[in-house]
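Please work through the exercises below with the sequence and the structure at hand. Each task is followed by a worked solution.

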Amino acid sequence: MKLHSNIIGEDTPFIILHGFLGMGDNWKTLGKKYSELGYQVHMIDQRNHGRSPHSNNFSYQLLSDDLFEYCTTHQLTNIILLGHSMGGKTAMHFACEHSNIVTKLIIADIAPKYYAPHHQDILDSLQALDFSEITSRSDAENELKNYIKDTGTRLFLLKNLYRKTKTEFGLRINLQILNKKVNEIGKALDDKARYVGNTLFLSGENSNYILEEDLPLIQFHFPNAQIQKITKSGHWLHAENPVEFFKYSSKFIKNP
């Protein structure tokens, strides 16, 4: 599958994978900062997200395979790989399968464990959007307000809104398949998967995605992992505290 990406900068390849219902553009600001450090930053849209192709099939194995195809097509080796949430699970899977390609791994607010489905309210709210009635972005936001009270979450979801035609809006995500395959999102990393390269787990101080009890499992799969909390942030730690996120991630990638 030919993935869409936004590539900025030169030299060492640095791949960024967004989370569930996101897209590479979510990382534009931080991506630019990484490129200024001397990296060629690839902000990728994963399948069924952003501008990448839609497919009826969706799993971490496929997302990892898509990334391998992308690296092959772009002749990328010795990459730094960063993934947030769902993208973090893809990154874990990929690094364990293709450790010869990944020199450093950064995982943002996700553990290798199983997560019970918890996105249904958001998916239901997006499915409730009636695009025959929506004529503007504010119409869509007003509709979402009935389901999602948090402004930040609404704005994040509305990044998926685009004009299909001059008179009709739509969503870039493949909502039907993502809703059907939502159980795939929470799946744990395979029991035997291991990546022994340098790894940094960043967790949001106010997030419950990485708990103290998850540390032994992280160390089992990633024996050279270090874990750092990002203060004043929840699950969207890179958006809520980008200064601290950049500080710790850039220090990690710059250290030999």
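This is a predicted model: local features need pLDDT of at least 70, side-chain atom pairs count only at pLDDT 80 or more; totals for chains, interfaces and linings use all residues.

**Exercise 1. The chain as a whole**

Task: State how many helices and strands the chain has, and determine how its radius of gyration stands against the globule rule.

Solution: 
- Step 1. The secondary structure comprises ten helices and nine strands.
- Step 2. The radius of gyration is 18 Å, close to the 18 Å given by the globule rule for 256 residues, so the chain is as compact as a globular protein of that length.
- Step 3. Along the principal axes, the C-alpha atoms fill a box of roughly 55 × 40 × 35 Å.
- Step 4. Of the 256 residues, 54% count as buried.
- Step 5. Among contacts with a separation of 6 or more, 74% come from residues 24 or more positions apart.

**Exercise 2. The setting of Met 43**

Task: Decide whether Met 43 is buried or exposed, and list its contacts beyond its neighbours within four places in sequence.

Solution: 
- Step 1. Met 43 belongs to strand β3, which spans residues 39–44.
- Step 2. A residue is buried if its relative accessible area is under 20%. The relative accessibility of Met 43 is 2%, and therefore Met 43 counts as buried.
- Step 3. With neighbours within four places in sequence left aside, Met 43 touches His 4, Ser 5, Asn 6, Ile 8, Ile 16, Gly 24, Trp 27, Lys 28 and Gly 31.
- Step 4. Gln 226 is 183 residues from Met 43 in sequence, and the two C-alpha atoms are 24 Å apart in space.

**Exercise 3. Helices α2 and α3**

Task: Describe how α2 and α3 cross and which residues meet there.

Solution: 
- Step 1. The axes of α2 (residues 60–73) and α3 (residues 86–97) come within 9 Å and cross at roughly 65 degrees. This makes α2 roughly perpendicular to α3.
- Step 2. The crossing of α2 past α3 is right-handed.
- Step 3. On the α2 side, the residues are Tyr 60, Gln 61, Leu 63, Ser 64, Asp 65, Leu 67, Phe 68 and Cys 71. They meet Met 86, Lys 89, Thr 90, His 93, Phe 94 and Glu 97 of α3.
- Step 4. By class, this contact of α2 with α3 holds seven nonpolar, four polar and three charged residues.

**Exercise 4. Helices α1 and α10**

Solution: 
- Step 1. α1 passes α10 in a right-handed crossing.
- Step 2. The contact of α1 with α10 divides into six nonpolar, one polar and one charged residues.

Methods: Residues are numbered from 1 along each chain as its sequence is written. Side-chain values use heavy atoms; hydrogens and water are left out. Axes are lines fitted to C-alpha atoms, for helices over the stretch in contact, and angles run from 0 to 180 degrees between N-to-C directions. Helices (H or I, at least four residues) and strands (E, at least two) are DSSP runs, numbered from the N terminus. Angles under 35 degrees count as roughly parallel, over 145 as roughly antiparallel, 65 to 115 as roughly perpendicular and the rest as oblique. A crossing is left-handed if the near helix is turned anticlockwise from the far one by less than a right angle, and right-handed if clockwise. Contact means heavy atoms within 4.5 Å. Ala, Val, Leu, Ile, Met, Phe, Trp, Tyr, Cys and Pro count as nonpolar, Asp, Glu, Lys and Arg as charged, and the others, Gly among them, as polar. The radius of gyration is taken over C-alpha atoms; the globule rule is 2.2 Å times the number of residues to the power 0.38. Buried means under 20% relative accessible area, exposed over 50%, partly exposed in between (1.4 Å probe, protein chains only).
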